[in-house]
Amino acid sequence: MYLHAGNGRTVRTRDVIGIFDLDNASMSAVTRRMLTEMQRDGRVESAADELPKAFILYRVGDTTKICLSPLSAAALRGRCEEL
């Protein structure tokens, strides 16, 4: 199954590690550092041009990636539960 992250961007649900609210999670210095390093490595992609509200941490093979989503973490979790 697939999780629709916004604007046609999908992530396989079995690859999802976690769904996080960007405002709350980015308060942590550790999370901000992780986001910065992953963006520098080219492992962050955006599901929209809008300001992101949440991010999905997922794996592709041996690589961990982040998908920024304009949808709230609650909406993304709800979409996962529907599946």
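Let me start with the strands: β5, residues 54-60, runs antiparallel to β6, and seven bridges join the two. Please keep in mind that this is a predicted model.

Within that pair, F55 has L68 of β6 as its bridge partner. The hairpin of β5 and β6 has two residues between the strands, and G61 takes a positive phi there, near 65 degrees.

β6, residues 63-69, has another neighbour. Strand β4, residues 44-46, pairs with β6 in the parallel sense, over three bridges. Here V44 stands opposite I66 of β6. So much for the pairing.

Now the chain as a whole. It has three helices and six strands. Reading from the N terminus, the order is β-β-β-α-α-β-β-β-α.

What about overall dimensions? The C-alpha trace spans about 35 × 25 × 20 Å along its principal axes. The radius of gyration is 12 Å, which agrees with a compact globule, because a globule of 83 residues would have a value near 12 Å.

On contacts, take those with a separation of 6 or more: 50% of them come from residues 24 or more positions apart.

Next, burial and surface. Of the 83 residues, 31% count as buried. The chain exposes about 5300 Å², and carbon and sulfur atoms supply 48% of that area.

Last, charge. There are 12 positive and 11 negative charges in the chain, and their mean positions are 4 Å apart.

To go back to where I began: β6 pairs antiparallel with β5 and parallel with β4. That is what I have for today.

Key: Residues numbered from 1 in each chain as written. Predicted model: local features only at pLDDT ≥ 70, side-chain atom pairs only at ≥ 80, totals over all residues. Heavy atoms only, no water. Helix = DSSP H or I, 4+ residues; strand = E, 2+ residues; numbered from the N terminus. Rg over C-alpha atoms; globule rule 2.2 N^0.38 Å. Buried < 20%, exposed > 50% of the residue type's maximum accessible area, 1.4 Å probe, protein only. Contact = heavy atoms within 4.5 Å. Areas by Shrake-Rupley, 256 points an atom, 1.4 Å probe, with all protein chains shown as cover. Lys, Arg positive; Asp, Glu negative; His and termini not counted. Charge placed at Lys NZ, Arg CZ, Asp CG, Glu CD. Pairing = 2+ DSSP bridges.
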